[in-house]
Amino acid sequence: VTPLEMNNQTDVTELIFLGFSNHPNLQGLFFLVFLVIYLITLLGNVLIIMATRISSALHTPMYYFLGNLSFLDICYTSTTIPVMLVNFFREKKTISYRGCLSQIFFLVTEAGTECVLLAAMAYDRYVAICHPLQYPVLMGVKVCVCLVTGSWLCGLVNSVTHTVLAATLTLCGPNQISHFLCDVPLLLKLSCSDTSLNEFVLHVASATIGLSPCLLTAVSYILIISAVLRIPSAQGRSKAFSTCASHLTVVIVFYGTANFNYDRPREGYSLDIDILVSVLFCVMTPMLNPIIYSLRNKEVKYALRKLTAGSPSYTLPI
């Protein structure tokens with residue numbers, strides 16, 4: 001776009017979401033489905049937070065991280081789903097430019113924080129299985145607080161950088177986003193100014209906030225599996241691996257859907273396929289996390305049963 005053409009165009013003040021626009025007759029059904037998913041996500045993660053805070057049996061580093069993960073999932077879905085639910089009743093599904101930047105800030109913060117937090121949880125499981133005698137020292141209260149604080153700081157620094165750079169872009173049309181939320185790559189497509197710096201920072205962030213925690217998690221589990229296989233008894237191996245099965249499942253779901261959402265080729269896919277893939281990552285994953293921990297972790301199941309029964313103060317039976 002030449003400078004003259006840019007001056008003849010009008011700056012974009014609002015953006016139009018095209019997500020779910022291919023099915024205008026199903027808006028009511030979509031609203032009900034996503035409302036139910038949102039309520040299940042809120043209920044499941046709130047119960048996890050309450051159980052980890054109230055139950056004395058869950059006052060351990062693993063469940064401290066789990067409580068923070070549930071809080072992240074609540075924030076993540078609350079950034080996108082309420083806006084999407086309102087737009088189901090609008091003929092023109094819009095969001096203001098400032099609202100789009102705000103959504104990008106919170107989404108990038110929460111996604112980046114979760115990547116680092118999952119790596120911290122993998123380190124916790126590595127210490128618990130590979131260095132059990134040193135676990136109380138290596139995973140003390142100060143260490144856990146520092147790991148969670150560091151996760152949030154990484155997410156915030158990454159998010160502030162992307163949001164500030166996105167705010168410098170000139171958007172002069174079209175103002176349509178083929179999605180149901182705002183994201184940095186989607187905004188770059190609408191820019192008629194130079195996006196080379198934004199793209200460079202995006203690649204750097206993908207390597208540092210995305211790839212590095214994934215590699216650290218993978219290395220942790222390689223060491224964990226190696227240690228578990230050296231345990232002589234089958235019962236001992238099963239007990240050791242069961243302590244990290246829930247987290248491993250969450251990691252596979254998170255990185256599997258994230259990889260499919262961001263790293264697959266963009267050409268050759270319809271709008272419906274793009275939306276479906278994004279729903280799996282942005283909507284379904286936060287709902288599945290508390291379900292996975294509830295189904296695969298006996299301590300959490302026991303705590304939730306006691307919590308819903310109205311007896312929050314207890315210890316696990318031996």
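**Exercise 1. The surface patch**

Task: Which residues form a nonpolar patch on the surface, and what is their accessible area together?

Solution: Work on the predicted model. Leu26, Leu29 and Val33 form the patch. Together they have about 240 Å² of accessible area. Now place one of them: Leu29 lies in helix α2, residues 27-54.

**Exercise 2. The disulfide**

Task: How many disulfides does the structure hold, and which residues does the disulfide join?

Solution: Start with the cut-off: the two cysteine sulfur atoms must lie within 2.5 Å. Next, check the pair Cys100 and Cys182: S to S is 2.1 Å, and a disulfide joins them. The structure holds one disulfide. Then locate the ends. Cys100 sits in helix α4 (residues 97-130), while Cys182 is in the loop between β3 (176-177) and α7 (184-189). The two are 82 residues apart, so the pair links distant parts of the chain.

Task: Is the disulfide left-handed or right-handed?

Solution: Take the torsion about the S-S bond of Cys100 and Cys182. The value is about -125°, so the disulfide is left-handed.

**Exercise 3. Buried or exposed?**

Task: Are Cys100 and Cys182 buried or exposed? How do Cys115 and Cys154 count?

Solution: Recall the limits: buried means under 20% relative accessible area, and exposed means over 50%. Both Cys100 and Cys182 are buried. Cys115 has 10% relative accessibility, so Cys115 counts as buried. Cys154 has 33%, so Cys154 counts as partly exposed.

Technical notes: Residues are numbered from 1 along each chain as its sequence is written. This is a predicted model: local features need pLDDT of at least 70, side-chain atom pairs count only at pLDDT 80 or more; totals for chains, interfaces and linings use all residues. Side-chain values use heavy atoms; hydrogens and water are left out. Helices (H or I, at least four residues) and strands (E, at least two) are DSSP runs, numbered from the N terminus. Buried means under 20% relative accessible area, exposed over 50%, partly exposed in between (1.4 Å probe, protein chains only). Patches are made of residues with over 30% relative accessible area and no salt bridge: like charges are joined within 9 Å, nonpolar side chains (Val, Leu, Ile, Met, Phe, Trp, Tyr) within 5 Å. Accessible areas come from the Shrake-Rupley method with a 1.4 Å probe; for residues, only the protein chains shown count as cover. A salt bridge is a side-chain nitrogen of Lys or Arg within 4 Å of a carboxyl oxygen of Asp or Glu.
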